[in-house]
Each structure stands twice: as structure tokens, then as C-alpha cells.
Amino acid sequence: MKIGFIGLGNMARAMIGGMLRKNMVKPEDIVGTAKTQETREKMAARFGIRTLEKNADAAACADILVLAVKPQFLGEVIAEIKDVTKPETLIISIAAGKSMQWIGEAFGRELKLVRCMPNTPALVGAGCTGVCVSEKVSEEERNYSIRLMESFGKASLVPERLIDAVGAVSGSSPAYVFMFIEAMADAGVAAGMPRAQALEFAAQAVYGSAKLVLESGRHPGELKDMVCSPGGTTIQGVRVLEERGMRGAVMAALHACVEKTKKL
């Protein structure tokens, strides 16, 4: 089975790395394209995959074709490959904002189509991917697609009507988490900690907190209350965050993501 990648950016790198680590495919079964020769050479050297210059050449030989390009370039790419992509090829798109209907219309036919929304933690095997499938996708193809996504983190089947929410909650949110970690590290530096140590402590606190939510099954509010001792230091910090509107700001940020996605 040949897997083709149109686009070899960060997400494609994460996906290819995960698939190879989990022995889902062999390097010789992957072919990818990128605009620059430098990117093609780097990916070929790193993973041992075959790289090509022309998108149509990769599409023509692929049994599974991953469209790993930005949404603004997807129409142009589809125009290049639609006439050479085999009818039985399983198409996987990771482009935000481009619905399965839109992609089908761009190809000019019904497709075996999987639409995914991964996120950048996939680069370290800790991704979270929402997956939705078209009616033409068989149960076997659906399950295989999910296993591919699970090779670089968690993956869950969702209805397409929720995929934009998935993009906000897990796709865009790492940027906000990075900002939170950076802010906590800055506060540590202001309090006298060396920057590298402050950054490590802040990042580990976020990692451990997320792990506790996932593994304990407890509501985040309950876990927050566990940290807030009566008359203690933590509740004073919580009070400041509530006064500054942390919850509302986060919710507004994710809402803005969803609304922007609808306009892509």
C-alpha cells in the first residue's frame, strides 16, 4: 500500500514519523511532495521516503493520499491532481475549514474521503486528532485511518459538524498553552528563578496537570479545588485570574477560532 503526502510541513512530518515509529508502513511505501528541493531532501534524508517535485506524480501512485497543505492552497492542489487520482484512492485531508462537500466539488466527483484535524503535539507523539469520514469510506478504511492517526497520539471519530470546534479546542489551543507556559516562566524569572529552570517547572506543571485530568477522570474544577487550600496562596491567584477574566478570554479566543475557520 502506497501512502502519498501532498505537502511535507510540520503536520506531515509528525504523521510520517508516527506511522514509521509504529510500523504502520515502511519508508519505501511513502512518497511525498514539497515546493522546495531543500524540504524534499531533508524529508528523504530523515525518514528514507521517496520525494517528488510534482503533486500529480505522487497522487497517481497513491492508495492513500494525504492532503497536508494549508487551506488557501487546497483548491490549487486539487486542480493539479484530480484527473490522475485513482477512483479507489482514500483521500485524507487535514485542511481546516474545507468541508467534505467542498473537497468533493473541487474534485468533481464523490470520494472516499477522511477529514482530520490533528494538532502540533503530534510532533512528539502526543497529538489529538478529530476524524470524520464520508459515506463511501468502508468500515475497514475508517478503522485504518483512525489507527494511522493514533500512531502519533489520540484520535477520535467525530461528526463533521463538530470538526471546527475540534480545531479550536485541540488544534489552535496549543498556542495558548504555550503562551500560558511562557507567562508562568516569566513570573518565575521575576521571582528570581533562572529562566531555563522556570520554563522547565512551568512546562512540567502543565504536563502533569493535563495527565492528571486524563488519568484521574475527575472534573478539572474538582482538581482545582484540591489545590486551593482554605486561606492559602493558590486561591489568591485564582481570585486574580477570575478578576482578570481568564475563563471568558479563553472561551472568546476559541470562539474566534471557530468563526475564522468557517470563513476559510
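Predicted model: local features only at pLDDT ≥ 70, side-chain atom pairs only at ≥ 80, totals over all residues.
At 14% relative accessibility, Lys112 counts as buried (buried is under 20% relative accessible area, exposed is over 50%, and partly exposed is anything in between, using a 1.4 Å probe and protein chains only). Glu141 falls in the buried class too, at 19%. The side chains of these two residues, Glu141 and Lys112, meet in a salt bridge with an N to O distance of 2.7 Å. Glu141 sits in helix H6 (residues 139-150) and Lys112 in strand S6 (residues 112-117), so the pair, 29 residues apart, links distant parts of the chain.

Residues are numbered from 1 along each chain as its sequence is written, and side-chain values use heavy atoms, with hydrogens and water left out.

## The overall picture

The protein chain has 264 residues, and 39% of them count as buried. Its C-alpha atoms fill a box of roughly 70 × 40 × 30 Å along the principal axes.

## More salt bridges

The salt-bridge rule used here asks for a side-chain nitrogen of Lys or Arg within 4 Å of a carboxyl oxygen of Asp or Glu. By that rule the count is 14. One of them pairs the side chains of Lys42 and Glu38, at 3.3 Å from N to O. Both residues lie in helix H2 (residues 37-47), 4 residues apart, or about one turn of the helix. Lys42 and Glu38 are both exposed.

Another salt bridge joins the side chains of Asp63 and Lys86, at 3.2 Å from N to O. Asp63 lies in the loop between helix H3 (55-61) and S4, and Lys86 in the loop between helix H4 (71-81) and strand S5 (90-93), so this pair ties together parts that are 23 residues apart in sequence. Asp63 is partly exposed, with a relative accessible area of 31%, and Lys86 is also partly exposed, at 24%.

## How the helices cross

For helix pairs, axes are lines fitted to C-alpha atoms over the stretch in contact, and angles between N-to-C directions run from 0 to 180 degrees. Helix H7 (residues 163-190) and helix H8 (residues 195-216) have axes that come within 8 Å and cross at roughly 135°. That makes H7 and H8 oblique to each other (under 35 degrees is roughly parallel, over 145 roughly antiparallel, 65 to 115 roughly perpendicular, and the rest oblique). H7 passes H8 in a right-handed crossing; a crossing is left-handed if the near helix is turned anticlockwise from the far one by less than a right angle, and right-handed if clockwise.

H7 also packs with H11, at an angle of about 125° and with the axes 9 Å apart. H7 and H11 are therefore oblique, and H7 passes H11 in a right-handed crossing. H1 and H2 pack at about 15°, with axes 11 Å apart. Those two are therefore roughly parallel, and H1 passes H2 in a right-handed crossing.

## A nonpolar patch on the surface

Phe180, Leu241, Met246 and Val250 form a nonpolar patch on the surface, with about 330 Å² of accessible area together. Patches are built from residues with over 30% relative accessible area and no salt bridge, joining like charges within 9 Å and nonpolar side chains (Val, Leu, Ile, Met, Phe, Trp, Tyr) within 5 Å. The areas come from the Shrake-Rupley method with a 1.4 Å probe, and for residues only the protein chains shown count as cover. Met246, in helix H11 (residues 246-262), is partly exposed at 36% relative accessibility.

## Two residues to look at

Asn23 has a positive phi of about 60° although it is not a glycine. Most residues other than glycine have a negative phi. Asn23 is in the loop between helix H1 (10-21) and strand S2 (30-33) and is exposed, with a relative accessible area of 66%.

Val66 is in strand S4 (residues 64-67) and is buried, with a relative accessible area of 0%. From C-alpha to C-alpha, Val66 and Ser99 are 15 Å apart in space, and they are 33 residues apart in sequence.
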